[in-house]
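I opened the model to look up a few local features. The entries below follow the order in which I looked.

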Amino acid sequence: DQTPHSSYLRKCISLAEQSPPRPTNFRVGAILLSRKDEDPTGSEDRILSTGYTMELAGNTHAEQCCFSNFAAVHNVPEDEVASVLPDEPGRKLIMYVTMEPCGKRLSGNAPCAQRIARTREGGRSGVHKVFFGVKEPETFVGESVGCRMLSAAGIEWEHIAGFEKEILTVAMAGHENSEAEVNAALGQGRQGTNVD
Ligand SMILES: Nc1nc(=O)c(N)c(NC[C@H](O)[C@H](O)[C@H](O)COP(=O)(O)O)[nH]1
Ligand SMILES: [Zn+2]
């Protein structure tokens with residue numbers, strides 16, 4: 001397997017491990033990069049930003065921090081990140097996230113799938129594809145709709161199998177009975193699918 005997916009997911013897991021454990025969310029890690037077309041091994045990848053849950057002040061998600069960090073470097077507010085993301089012929093923006101971007105948040109804050117979709121505003125290419133290691137478990141919002149929102153925005157996504165238990169163990173570390181919750185999520189059977 002020449003793809004770089006495993007090494008990026010391992011990096012995202014390391015990012016997620018920096019997140020303070022909470023019972024009210026999941027610990028997630030995210031990487032934003034620019035990939036050259038026809039470069040399946042990612043040998044010419046350019047890492048643009050990283051983020052993890054609650055890295056930045058407030059109730060922040062990994063993908064949100066990833067965009068915020070990039071926006072800050074380019075002196076624009078997070079909600080204007082689309083205007084400073086690179087948009088180059090022959091290259092595409094790719095995200096790796098340990099968990100499926102959220103489509104709904106109990107807090108009511110803007111979900112990450114929407115933030116990712118907004119990178120395509122103003123005719124910009126924006127994020128082309130999102131790779132993640134687990135679908136969002138049903139703990140907080142039931143059946144996840146993040147993937148559906150990405151598809152609706154014309155953004156590709158793909159579940160990379162093999163890291164589910166590790167990702168969920170990190171994500172749920174702050175939860176009561178996290179081991180039981182991890183096993184329940186693994187048993188939900190949605191983890192191995194690449195369909196909604
Ligand atoms: N993809 C993703 N990245 C994260 O960094 C994170 N924390 C979640 N978590 C999804 C979960 O659905 C929400 O954490 C709960 O719905 C609570 O919502 P808040 O986080 O308080 O807005 N999902
Ligand atoms: Zn989110």
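Where does Ser125 lie? I found Ser125 in the loop between helix 3 and strand 4; helices (H or I, at least four residues) and strands (E, at least two) are DSSP runs, numbered from the N terminus. This is a predicted model, in which local features need pLDDT of at least 70 and side-chain atom pairs count only at pLDDT 80 or more, while totals for chains, interfaces and linings use all residues. Residues are numbered from 1 along each chain as its sequence is written, chains are lettered from A and ligands numbered from 1 in the order in which they are written, and side-chain values use heavy atoms, with hydrogens and water left out.

**Entry 1: Ser125**

I looked up the exposure of Ser125, and at 40% relative accessibility Ser125 counts as partly exposed. The classes are buried under 20% relative accessible area, exposed over 50% and partly exposed in between, with a 1.4 Å probe and protein chains only. Leaving out residues up to four places away in sequence, Ser125 touches Asp87 and Arg120; contact means heavy atoms within 4.5 Å. I also checked Arg91, which is 34 residues from Ser125 in sequence and 9.9 Å from Ser125 in space, C-alpha to C-alpha.

**Entry 2: helix 2**

I took helix 2 next, residues 62-73. Its 12 residues reach 17 Å from the first C-alpha to the last, close to the 16 Å expected at 1.5 Å a residue; the expected span is 1.5 Å times one less than the number of residues. Helix 2 is mostly covered, with 10 of its 12 residues buried. I listed the buried residues as Ala62, Glu63, Gln64, Cys65, Cys66, Phe67, Ser68, Asn69, Phe70 and Ala71. Their cover includes strand 1 (29-36), strand 2 (46-52), strand 3 (91-99), helix 3 (112-117) and strand 4 (127-134). After helix 2 comes Asn75, with a positive phi near 55 degrees.

**Entry 3: Glu100**

I found Glu100 in the loop between strand 3 and helix 3. At 3% relative accessibility, Glu100 counts as buried. Apart from neighbours within four places in sequence, the contacts of Glu100 are Glu63, Phe132, Val134, Lys135, Glu136, Ser144, Val145, Gly146 and Cys147. I noted that Glu63 is also among the buried residues of helix 2.

**Entry 4: aromatic pairs**

I counted four aromatic pairs. Rings of Phe, Tyr and Trp (its six-membered ring) pair if their centres lie within 6.5 Å; planes under 30 degrees apart count as stacked, over 60 as edge-to-face and the rest as tilted. Phe26 and Phe140 make an edge-to-face pair, at 5.0 Å centre to centre with 70 degrees between the planes. Phe26 is in the loop between helix 1 (5-16) and strand 1 and Phe140 in the loop between strand 4 and helix 4 (146-152), so this pair ties together parts that are 114 residues apart in sequence. Phe26 is buried, at a relative accessible area of 7%.

I then read off Phe132 and Trp157, a stacked pair at 5.9 Å centre to centre with 25 degrees between the planes. Phe132 belongs to strand 4 and Trp157 to strand 5 (residues 156-159), so the pair ties together parts that are 25 residues apart in sequence. Phe132 and Trp157 are buried. Tyr8, Tyr96 and Phe131 form one aromatic cluster.

**Entry 5: pockets and the cavity**

I used a 1 Å grid over the protein atoms alone: a cavity is a set of points where a 1.4 Å probe fits but cannot get out, a pocket is an open set with protein on both sides within 12 Å along at least five of seven lines, and lining residues have an atom within 4 Å of a point. Grid points are joined across faces, edges and corners, and a volume is the space filled by probe spheres set on the points.

The largest pocket has a volume of about 320 Å³. Of its 23 lining residues, the closest to the centre are Thr24, Asn25, Phe26, His61 and Arg105. Helix 2 and strand 3 are the elements that give two or more residues to this lining.

The second largest pocket holds about 210 Å³. Its lining includes Arg35, Asp37, Lys92 and Phe131.

I found one cavity of 30 Å³ or more in the whole structure. Among the residues lining the largest cavity are Pro101, Lys104, Glu136 and Ser144.
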